[in-house]
Amino acid sequence: MEKLQDGHIYFLNTQKLGKTGNLGKHSDNRQYTIWETLENTAKKKADRLYFIIDEAHRGMQGAAAEWLHDNLGENCPQIYLINLFGNMNDSEKEVLRKRKIALVDLETLLEGKEHNKYEEAYKRFFSKIEESKEMCFEDRAPYINKDPYKWKEREEDAYVLNMLEFSNEILEQEGDYVLLPEVKRNQYRNYFSDRFNTFIFKCKNINTNFIHTLSNLIKLQMMCLIPLYDNQADQLKSICKSVEEQNLDVKLEWRLQIDLYLLQMYRIDGAEEKYQQIITACEEYLDQLPNSNKAAYWIELARHAATMFDIEEMKCTLNKMTHTGIKNEIAKAGLYLQIGERDLSERILKECLDELRKKRLDASHNASYKSYLSLCYIASGNWVRQDNDYSDSEYKDNVYQTRAIILNLENQLREEILNSNVKADTQANVFEVNRNRGNSITFGQSRLQRLSFEFILMLDMLCLPIFTDQSILLPTVMEEIVHTSAELKKLKKLFGKNKLIYYQKRMYLM
């Protein structure tokens, strides 16, 4: 076979790999040798390919591991040798380390009095693994069973510190993905959105820990595709003013995270004057930021230039970006596509593909990045070419596959729009003599409105040209959220019945 199949355990007797064995030879019945099969598998599935070497004799594990390295070369995945190595001398260990073979010595788990040290060592090893399994979110989240708005002022410092530690933990776990799957988004939204409001409206002690935690919560809000509302934006600006007045020594990356959230809201709302005010504030500290943070800022400015149909400004802004990671580079390629720079976009995508191959990422991160890369490649008009190098089909069952997350959200949105239309038609055709004809007031956010916001913010985050099926959804989506913003209402009134121009203006359809 060309590659080993996922979800299978293969047993291999190393003696069959000798000169007298057939596994290492081509024949009429064997198109690929075992070495070619292993090499092909390691190239494509290094993030989920594991070798377990079962050799009891002293020295045989090291020899078998070196044997893998010799035959697979640079395609060999990281090898961990797990055993008791008390009898292995330092020179033997050093040889293995130089071959990038990591030793996991179970001797450290023993007390020295065990009757069967091998059995006891492995029991304790598997027990450690069991203990380290990730606790469920409900067990980890602080104050999850407590009303987020009901706590005493003397508890504030402890509350902020606990939220800082927990938000750091979640961001370390989830912060690098392109999009979060629905289950994760809902879980984090239900927990963090109320805590975000608590922070900005109830906390009084604005200090370093507070700003750091607030920055984390904003990242999580944006990852969960949660919009920023006018009253929240006003409060964030008030907090930033307090930071300046107190001359707090906070990291500028935290301040930028607040400003990026404000910029996204004002851009989508069409509040140009407020947008430019935040830009002016950002320019004062931009030069002091690391390139990784500047990249997020340049992407935001490029989105704004696209909204204003300013192609030259968009090019100028994108040219300022330095390479800071695959996700930002794919976004950059998507923005270049929007202005017709297809060759430049494809060159960036090729570099991203090469970089992704060299990285030893886990399956979920590969699914997230490779699928995003594939979508950008298809958006450039390459869906006809069927280039397997850009295919994300091998990750179709991974919950972090970007394509699947997008399709799931779009399907839910279509279903909710259909349900909403059916309800409207039903209500319109029901005649009730005694029906109350007064105004109805709806509190909170409907599911259709929430999905509409998620859809808009998802498209905004991806920076890709909009696909046809997505453009069909846009008019209904914009109608659903337009009443939430005074600026959007003004724009709609300005453009009148020519809604297509209005929607193009908002979503930078080129």
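Trainee: What does the secondary structure of the protein chain come to?

Mentor: In this predicted model, the protein chain has 21 helices and 2 strands, and buried residues make up 45% of its 510 residues.

Trainee: And how much of the contacts with a separation of 6 or more comes from residues 24 or more positions apart?

Mentor: Such residues account for 68% of those contacts in the protein chain.

Trainee: Switching to the second largest pocket, what volume does it have?

Mentor: Its volume is about 1400 Å³, and of the 44 residues that line it, the closest to its centre are Gly-175, Gln-257, Ala-296, Lys-327 and Asn-328. The elements giving two or more residues to that lining include α10 (252-269), α12 (291-307) and α14 (326-338).

Trainee: Which element gives the most to the lining?

Mentor: That is α10, with 7 residues, while the lining as a whole divides into 18 nonpolar, 13 polar and 13 charged residues.

Trainee: Back to α14, then: why is it described as largely enclosed by the rest of the structure?

Mentor: Because 12 of its 13 residues are buried, among them Asn-328, Glu-329 and Lys-332 as well as Ile-330 and Leu-335.

Trainee: What do those buried residues pack against?

Mentor: The buried residues of α14 pack against α12, α13 (311-319), α15 (342-358), α16 and α18.

Trainee: How far apart are its end C-alpha atoms?

Mentor: They are 19 Å apart, which agrees with the 18 Å that the 13 residues of α14 should span at 1.5 Å a residue. Just after α14, Gly-340 takes a positive phi of about 85°.

Key: Residues are numbered from 1 along each chain as its sequence is written. This is a predicted model: local features need pLDDT of at least 70, side-chain atom pairs count only at pLDDT 80 or more; totals for chains, interfaces and linings use all residues. Side-chain values use heavy atoms; hydrogens and water are left out. Helices (H or I, at least four residues) and strands (E, at least two) are DSSP runs, numbered from the N terminus. Buried means under 20% relative accessible area, exposed over 50%, partly exposed in between (1.4 Å probe, protein chains only). Contact means heavy atoms within 4.5 Å. On a 1 Å grid over the protein atoms alone, a cavity is a set of points where a 1.4 Å probe fits but cannot get out, and a pocket is an open set with protein on both sides within 12 Å along at least five of seven lines; lining residues have an atom within 4 Å of a point. Grid points are joined across faces, edges and corners, and a volume is the space filled by probe spheres set on the points. Ala, Val, Leu, Ile, Met, Phe, Trp, Tyr, Cys and Pro count as nonpolar, Asp, Glu, Lys and Arg as charged, and the others, Gly among them, as polar. The expected span of a helix is 1.5 Å times one less than its number of residues.
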